[in-house]
Structure formats: structure tokens, C-alpha cells
Amino acid sequence: MPLTPKAFDVLRYLVEHADRLVTQDEILGALWPETYVNPEVIKKYVLGIRKALGDRRDKPEFIETFPRRGYQFVASVSEVNAGAPSDMGNNAAQKMVGREAAMSELNGYLSQALKAQRQVIFITGEAGIGKTTLVDEFHQTVTRRPNLRVIRGQCVEGFGGKEAYYPVLEALGQWIRDAGGGSVVHTLAKQAPTWLIQFPSIVKPEQRETLQKEILGATRERMVREICEALEALTTQDPLVLVLEDLHWVDPSTLDFISALARRRGPAKLLLLGTYRPADVIISQSPLRALKQDLVIHNLSHEVNLERLEESDVAKYIAIKFVDGSFPPRFAKLIYHHSGGNALFMVTILQDMVKKGTIAQANGKWTLMVAIQDVDTSVPETLDQLIEMQFQQLSAVEQRILRSASVAGERFSVWAITTAAEIDPATIEDACEGLAEKLQFIKAAGIHGMANGQISAHYDFRHSLYREVLYRRLSDITRSKMHLLLAQRLKAFCDSCEQELTTELALHFEGGHDYEQAIRYLILAAENAAGRFAYGDSIEILNHALELVAKLSPELQPDLEVRILDFIGYAHFALGALPESAQAYADAASKADQAGLKAAQVHALISAMYPLGFISPDRGLAALDQAVQMSVSAGDPILVARTQMAAASCRLIFDAWRKEYADLCVSAHEMLRHLGDSEEVPYQQMIDGHVLALQGRYREALDLIDALETAVSRTGHGISLIPHVGATSARTLILLRMGRLGDVLRITQVGRESADENIARSWLLTFREAWLRILVFDYEGAHRICEAIVQTRGDYHPGQPHTISQIAAGHMALDRRDYGQAIEYFRQIHDPEVTTKFFLHWIWRLTARLESGNAWLLSGNISNARTVADGFLESALSTADPHLQALAWDLKARVAMAENDLECARESIQQALAIVDKFEILVAAWQVYATAWQLYQRVKEHKTAETNRERAETCILKIANSFAPDEPLRTTFLAAAPVQRVLGKRVVNKTTRQHHASA
């Protein structure tokens, strides 16, 4: 019985009070005690109940209406065993013929699923062969099992194919509504937050912000993994049958879901049934064909292929449908011949013959009322012709309604087609109800609330072929007019729900030849797909939008084309396709330049730095220089200031730290404030976080990054990956400088455990882990990680992993006392001819100079050590980085100690101490304090020496205790020789006790 949960509540209330009249107010008070609901809603629900029961208002058998008073359930009420099969079910089963083997196969697969062996089954066959009938019968049969649930979703031609996860979301939505939330919502909240947030009606406002933060930076792979895990959890006890129909119209993301679900190895009491037409899949070149073949080859799925009915099956169907019928011997053969064994064609032929009176009851028996040779000439040759003939027999009003419905889609609401049909809703509803009762063309689909808050009766075409035939019959002009009327009606009444209807609106505006509106809604649809982390779907939608741009008038094309290309650049970046991302931004900049859209050109050039920062920083910086020039020519002072600030801050990160760049950032920021520009640009905030970190303003930088991620999460939008990746980069850089190495490790571990993370973010976190390992003396681990990246990341600039690997290799050479080899490793890093630019390359070049000084010092070549130390100090002081400055003064102090220039050593270490006392830079601080300890021991100032040793110990313990107690890197750090010299054995034991005490 197709009733919504609330409609069922209304029916149940009427049945429970069947002995009396029940007023509308009583129903409202009982079912909506604390909510205002328009009384008209009750009428809609009662109408839906009547449709489900086959009841008539003028001759009620179940519900009688008392005008202006209320309703009464008038049928007799008795209790029955809920587990007993119904007569209706038995009759339905008896009318399905020729599918005994297929049903047996499905039951076998269900038996395996009940043993927690997941099953993925494809039911295939031509249109009208009986796929849905088989699924319906299987559905009806299996629901008699205790605790087994069936949920269904259907792919939709047109807009459904552009909606990521469309049938899966439909099925889940049905489950949530039927279950009233409960365990399904709880499981989604716990294991699939990326899916829970797709159902805004069940997410409280305060919960939404938390969810947005939780899913920030998520990917398509994560979304697929989460729903698979959630379904596995939900089917631990109670089995589930998930039906996805008409997969020949499937969207790419749903295919990803099916593939992932089939390939997972864990137990699940889950049976997935998918239906599709093989011919349509071949014609559309859908990837479903390749997926199904691959899954079948690897024994991960099975196919149930439905063949045409045999003549004996047709005869059996006639015998069941027309009990005690008396037909000529050749009648079954005739029907088989005309239908070709196509089940839908067979059923339609027989229904048409009954309607025409060709088959009728005579003397209590069904019989053929004409000579059999006359039947042969009256039956159309094809199902299409038969459908058209039946259509011609309808009234003018019914024809007009069905024509409008064919434009609306496979499922349509009375509300939606009112304008296109030019008929009042009540007349449409009555006509649709009449057609449904006569089993002609459509069937009732219940009363549903729509995205705009309206409640309306819905209907489905009995088969997609009915809609297809009627839609093809429309002339191009009529079809276009109806699409446009429907689009305008949806748009006019659905301003608040545009986001939910984007693909449908795009389809109708395109069908109505309003290509500008179609493109705008396709862009919104692409944003929806990005909100589901289905960036591949976004690109597919946007490429279709680009095709429509060519159909616009020339003056409208440039702006929309640039917007689309810009979005494509972002989507490719999110997928990790960096060359494609860079090319899309370059195309956007070129198109904007040709059209004189200077602001758009500037935006595209700045955006190109996203991918180019990873694969070719010099090209990115050149694009930024061009952007600055274009902003100046645009004559917009705000645009100029923003562009200058972006270019200068990127140069600080990708080029070198220079005072003029830093000063330009400050002056541009002040100019924006003076001009009253208060808009926060996420990308600029992300860059600013790095710049603040490189100035030692760590707390301020963390506050900025926290604010950025909060703001991005509040947007509830899929276009948040770039600022999130940037925020993660800034946060880990800050934590490394502050010595919170355990926090950095935890961030990288979460990313590593989520093997499906965005490629750019995964790449970034891998580098941060390698950097972390350098700081805790795990040089072999850092080297291994970076060498693996160099081997696998073909699209990415190899400079950063190669450089960190070289640093690690240099340290390992120092451990072997191979000073010449170590110095050569460090020299190559500093040489710009050998190591080109990459993200923060200048920090690593300066680090290489520092380590070169250490290597010369260890080798005993004090002269070269002094030369390197002086150069390193000069370079470090040209930056604003307190970490590098402190270590530069520290190196100078150690070189001076080696030269026995204790006065210079004292002055240098005082400079270093002043920096580490001012800034929270634990990694540099413990080394500076250790050097001070050694220096003051040497000059016999033992009390000051011990104070500095204790300070070094405190910093070391803070770093160590940022790790979990059993973390191997903690042990590696504490066991390193430089750390051991400070701590001693007694203190190492003490650190362990302190950690446990503070845990």
C-alpha cells in the first residue's frame, strides 16, 4: 500500500476510532500536537488513502466524508495475523509467468545474503520484458520475512543522470522516513556524516555546523566508503535488500558506490538488486557495462537475464488472468506472435482487447467476441503503435494531461503540470485518478510534500515506455513550450528550494531552449555534486554547460564560459588532476582576456596558483605577475590591492622571503581596510596563515586558521576543499614550529588512515610527516617516505620530496661520519640549478646551509664552518622566521666555541636565547638551551649552565609528551644522541613517569 508515514497515521487514527465521526481538528490535535498544520493537508492525506484503498468518495467503502465536519472509517474492522500472506499478494504472484527460474535465483542469492555474504545482482532485459514486475514480486515475497527491509531507488532519465547518488539518496530517504529516523539517522551520524548532511530536514541547525566541520575536505572516496560502512553496520542484525532500478540512466557516483560495495570483503546481510536495459547501456556508452563485466568476471556480482516469454508462458498468463476462459486454440499463439513474448506488450494487448470488448464475459465466462482472424488484423505491430492507439481513445482532457506529464518526467505531481496542461488541479487529479483506476498509462504514487512545501498527489507512468512514446509524439514546438512553462512554474514557486531542483530546472530550461537559464542551473547542479564530493560528476555537468554556451547570443557567452572553466579548474584540482586544473584556469584567463573581462581574468590567473603551486611554482608566480598588471589596468583599487597582496604573499612562500614582499602585504592590507573592503577571501586567509606562521605569530595564525575553517564549514558548500587543504598546510607548519609534533603526527595519521583523502591533501600530509621525522631524528623513515612519493606522484613537482630525502640522506651520512657525502647532499639542495622552486623551498635551502655548517664543524674544518655560519646568519636575519634566526645564532655560537672565541660565542648565544625566550619555538629552543649549557659549563658558570640544561630538558619533554606514550617516534626522539646528552639516563626514566602522570 503506497502510503507515506503520516498518511498511514491518519488511516490508523480513523480505524482506531471507526465507531464515530472524527473531526479535522481532532486529527490535527492528535497527530500534530505542537505544530501548526493547514487543515487542507488532511484532505490530501485522505485522498491518498482513498487512492491506495481503491475507495471512491461518492460511493465510499472505507472512508466517508461528512462535509465541514470530518471523516469516519465505515468498513468493518477485524484483527488479522500480520504474518499471513494476503490474497492480493497471492493473486499478484499468480499473474507473473515464465519467471520461476529467475525467482529461484533471486531467492538463492538472498539466502547467501542472509548468511552475511553480500550479493550484488543485475537483472537485465529489454524494455517491457518484466524486470520491474519480477522485482515487485520478489519485494512482496521477501517482506514476509521478519526484520527484513526493502528500500528502493530509481534512476531517472535526464536530470536524474546528472544528480550524484540520485537513486541511493532516494532509497535512503525512504528508509529514514519509514523508520522515523531512529537507528538509520544515528548510524549515518556516527559512520556516514557526509550522507547525513544530504538530508537537511533531519539535521538540526546546531548539528549542521558540527557536521560541516567534520566533513571539511572530504572526498568522493570518503563518501562512498562511509555509506558502505554504514550499510554494513545497519545490516549486522537485520538484512536489507537495496533495489536500484533503471541503471541505464545511472549517474557516475552511484556506479562508484555499486563498485565499492561489491568489492568490500567484510560481512553484510545485504542484497543489492540493479535493473537495466543492456541495449540502452550500449547506445549511451555507459560505464555500467564495463563495471558489470568486471564484477562478474571477478565473481563479485551475478546477472539474472530475463528472456522473452515462451508461447506456453503466454497461454498460462491468459489462463490465470481469465479464469474459466473459453478461447479458440490458436488464441495464445496469436497473442504470442503479436507480442513477440514481450511481457508488457502481451499485457497491454490483452488489456486493450478487454477495453474494446474484443474479450468479454458471456454466460459467466471470458470469451473472444469476434472471429480470430479479425483479431489478427486489429492488433498493432509494435508496442509503440498500440500505446499511440490507446492514447487516441482518451478524452481531450486526458490527452492534454498526459502530454504535459510526459514532459514533467517518469514521476510527476499534479501541482507541477497545472500550468503546462492549462487545467485546474482538481480536474487534473480526477482525470489522473480515473486513468489509474483503469490501469491506463499511469498509477498513483501517493501524496507527497514537495521541495517548495506544497503537498500534491503524485503519479508514475506505468512503464517508462508509455512516457517515451507520448513524449516523442510531441512536436518540437509543443515540447519546448511545455518544458519552458514547467521550468518557469518550478522557478517561480521554488525560490527557496532552487538548490534541490537544480538538475530538474536545468533539464526543463534546456528543453525550453532557454539556454542561459539552463546553464545557470547546470552550474548550481555542479555545485550540488561538489557538495557530495562528486567532482567527476561536476566536471561532466559543466562540460555539458559549455556545450550549451555555444547556443547563446555572443554577448552572453564570455561571462558564463569563464565561470564554467573556472569551476572546472577547481573540480580538477579537487580530483588531484593538477595539469588539467591548470589548463582549465589558463583557458578561463584566455577567454576572459579575449572578452575584456579583466576582473575575471585576474581571478583565473590567481586561481591558477592552486595547481601550479604543486607542479610548477614559477609558472604560477608568472601568472600572478600578469594578474597584478591586469588589475592595475582594470582601474579598481580594491582589485589592485587584493591582487598585490595575493602575489606578494605567494612570493613569500614560493619564491623567497624578502622585506619588500612582506611590506607590500602589509600596505595592501591597510589599503583594503582604508577602502572599506571587509570581505574575507578564503584563499587569501589561507596564505595569510602561512605568512603569520613564518613571522613567528603562531597563536594569531592559529586563530586565523580556526576562523577560516569555521567560516568555510558554515557555508555548507562543496567548494571548500582548497581553503581546507591550505588551512591544513598552515596548521601543520605552525604546530611543527611550536614543537607540537605529536599533534602533527595525529593529523597525518588521520589522513593516512583515510586512504581516500584528496590527493593534494594526502601529498601535503605525507610531506609534513617526513618533516616531522627529520625533527625527531628518524632520518631513515623520512627518506623512505619521500622516495616513495618521488616514485608514485608523476604529476607533482618532485622538488619537495627530493629535497627532504636529500636532507635525510645527508644526516644519515653524518651518522656514518661520511662528512664529504653529507656536505654534497646539502650543497645540491642549496644550488638553484639542481633544486628548483617548490612550496617553502627557501626554508629547506636555509636548512641545508645550517646542516652544511654542522657537517663542516663535525669534520673539523672550522674555517668553512665559519663561512657557512656567517652566510646562514645573514640569510636567516633577512627573513622574519624566529626558528631559523635562533638556529643561525646558535650555529654561530658553536663555531665560535670551536674557535675558542668565547666572547663571540657568548654574544651569539645571548641573541639566540633572546629569540627562544620570546617565541614558542620548542624545536629550536631545546637546541639553543643545550648550546648555552655547554658554553656556560666551559666558562665555569655552572649554575647558569644547569639552568639552561633544565630549560632544554623542559622543551624536550614538552615535545616528547605531545606524542602518545607508546608512539615509536617518541622513543626515537628521546633515544637520539643529542637529546641523551641533555637528559641522561635518570631523566629519560623521569620523562616516562611525567608523561604517564600528565596523561
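Me: What do buried, exposed and partly exposed stand for here?

Reply: Buried means under 20% relative accessible area, exposed means over 50%, and partly exposed is in between. The model is predicted. Asp294 has 26% relative accessibility, so Asp294 counts as partly exposed.

Me: Which residue does Asp294 meet in a salt bridge, and at what N to O distance?

Reply: Side chains of opposite charge can pair when their charged atoms come close. Here the partner is Arg263, at 2.7 Å, N to O. Arg263 belongs to helix α12 (residues 252-263) and Asp294 to helix α14 (residues 288-297), so the pair ties together parts 31 residues apart in sequence. Arg263, at 34% relative accessibility, is partly exposed as well.

Me: Is the pair of Arg152 and Glu245 buried or exposed?

Reply: Both residues are buried, because Arg152 has 16% relative accessibility and Glu245 has a relative accessible area of 8%. Their side chains form a salt bridge of 2.9 Å, N to O. The pair links distant parts of the chain, with Arg152 in strand β5 (residues 149-154) and Glu245 in strand β6 (residues 240-245), 93 residues apart.

Me: How many salt bridges does the structure hold?

Reply: The structure holds 46.

Me: Which residues touch the most other members of the largest nonpolar core?

Reply: In soluble globular proteins, nonpolar side chains tend to be buried together. In this core of 289 residues, the ones with the most such contacts are Trp195, Phe257, Phe331 and Leu350. Helix α47 (residues 922-938) gives the most to the core, with twelve residues. Beyond its neighbours within four places in sequence, Phe257 is in contact with residues including Val224, Ile227, Cys228 and Leu231.

Me: What span should helix α11 have?

Reply: At 1.5 Å a residue, its 15 residues (220-234) should span 21 Å; the end C-alpha atoms are 21 Å apart, which agrees.

Me: Where is His483, and what does its side chain join?

Reply: His483 sits in helix α24 (residues 476-493). A polar contact of 2.7 Å joins its side chain to that of Tyr471. His483 is buried, because its relative accessible area is 3%. Its other contacts beyond four places in sequence include Val407, Leu507 and His508.

Terms used. Residues are numbered from 1 along each chain as its sequence is written. This is a predicted model: local features need pLDDT of at least 70, side-chain atom pairs count only at pLDDT 80 or more; totals for chains, interfaces and linings use all residues. Side-chain values use heavy atoms; hydrogens and water are left out. Helices (H or I, at least four residues) and strands (E, at least two) are DSSP runs, numbered from the N terminus. Buried means under 20% relative accessible area, exposed over 50%, partly exposed in between (1.4 Å probe, protein chains only). A polar contact is a pair of N or O atoms within 3.5 Å; within protein, one must be able to donate a hydrogen and the other to accept it, and residues adjacent in sequence count only if both atoms are side-chain atoms. Contact means heavy atoms within 4.5 Å. A nonpolar core is a set of buried Ala, Val, Leu, Ile, Met, Phe, Trp, Tyr and Cys residues joined through side-chain atoms within 4.5 Å. The expected span of a helix is 1.5 Å times one less than its number of residues. A salt bridge is a side-chain nitrogen of Lys or Arg within 4 Å of a carboxyl oxygen of Asp or Glu.
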